[in-house]
Amino acid sequence: VSGWGTRQDVFTVGADNAVYQMTWDGSTWSNWTSLGGLALSAPSSVSWGENRIDLFVRSGDHAIYHKYWNGQVWSDWVSLG
């Protein structure tokens with residue numbers, strides 16, 4: 001779970017091994033949204049500022065992958081090795 005202010009985000013791995021996100025806006029939860037990827041681990045997230053979320057998973061090639069939210073859109077997954 002990552003959040004800033006009233007926004008809260010929850011992440012999980014689906015049966016298809018993609019990462020999924022649900023967002024709380026202070027009054028209602030969104031539907032689950034696929035963020036793609038191939039996760040072999042539970043996702044880890046951190047929010048270090050308003051409108052910024054960094055998300056990390058271990059993927060099928062056993063590398064750590066990173067994706068971030070900039071307040072408007074999600075980046076692509078990038079391998080950190």
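Buried means under 20% relative accessible area, exposed means over 50%, and partly exposed covers what lies in between (1.4 Å probe, protein chains only). By that rule aspartate 9, with a relative accessible area of 0%, is buried.

This is a predicted model, in which local features need pLDDT of at least 70 and side-chain atom pairs count only at pLDDT 80 or more, while totals for chains, interfaces and linings use all residues. Residues are numbered from 1 along each chain as its sequence is written, and side-chain values use heavy atoms, with hydrogens and water left out.

**Salt bridges**

A salt bridge here is a side-chain nitrogen of Lys or Arg within 4 Å of a carboxyl oxygen of Asp or Glu. The structure holds two of them. They are listed below.

| Aspartate 9 | Arginine 7 | 2.7 Å |

Aspartate 54 lies in strand S6; strands (E, at least two residues) and helices (H or I, at least four) are DSSP runs, numbered from the N terminus. Its relative accessible area is 6%, so aspartate 54 counts as buried. The side chains of aspartate 54 and arginine 52 also make a polar contact at 2.8 Å. That term means a pair of N or O atoms within 3.5 Å; within protein, one must be able to donate a hydrogen and the other to accept it, and residues adjacent in sequence count only if both atoms are side-chain atoms. Contact in general means heavy atoms within 4.5 Å. Leaving aside neighbours within four places in sequence, aspartate 54 is in contact with Ser44, Ser45, Val46, Trp48, His66, Lys67 and Tyr68.

Strands S5 and S6 run antiparallel and are joined by four bridges. Two strands pair if DSSP finds at least two bridges between them. Glycine 49 has arginine 52, in S6, as its bridge partner. The hairpin has two residues between the strands, and asparagine 51 takes a positive phi near 65° in it. Asparagine 51 sits in the loop between strand S5 (44-49) and strand S6 (52-58). At 41% relative accessibility, asparagine 51 is partly exposed.

Most residues other than glycine have a negative phi. Histidine 62 is not a glycine, yet has a positive phi of about 70°. Histidine 62 belongs to the loop between S6 and S7 and is exposed, at 55% relative accessibility.

**Aromatic pairs**

Rings of Phe, Tyr and Trp (its six-membered ring) pair if their centres lie within 6.5 Å; planes under 30 degrees apart count as stacked, over 60 as edge-to-face and the rest as tilted. There are three aromatic pairs in the structure. In one of them, the ring centres of phenylalanine 11 and tryptophan 74 are 6.0 Å apart and the planes are at 85°, so the pair is edge-to-face. This pair links distant parts of the chain: phenylalanine 11 is in strand S2 (residues 7-13), and tryptophan 74 is in the loop between strand S7 (64-69) and strand S8 (78-79), 63 residues apart. Phenylalanine 11 is buried at 12% relative accessible area, and tryptophan 74 is buried at 18%.

Tryptophan 24 and tryptophan 29 have ring centres 5.4 Å apart and planes at 50°, so their pair is tilted. Tryptophan 24 is partly exposed at 26% relative accessible area, and tryptophan 29 is partly exposed at 43%.

Ring pairs also link Phe11, Trp69 and Trp74 into a cluster. Not counting residues up to four places away in sequence, tryptophan 69 touches Arg7, Asn51, Arg52, Ile53 and Trp74.

**The nonpolar core**

Which residues form the largest nonpolar core? The core has eleven: Phe11, Val19, Leu35, Ala39, Ile53, Leu55, Val57, Ala63, Tyr65, Trp69 and Trp74. Such a core is a set of buried Ala, Val, Leu, Ile, Met, Phe, Trp, Tyr and Cys residues joined through side-chain atoms within 4.5 Å. S6 and S7 each supply at least two residues of this core, and S6 gives the most, with three residues. In soluble globular proteins, nonpolar side chains tend to be buried together.
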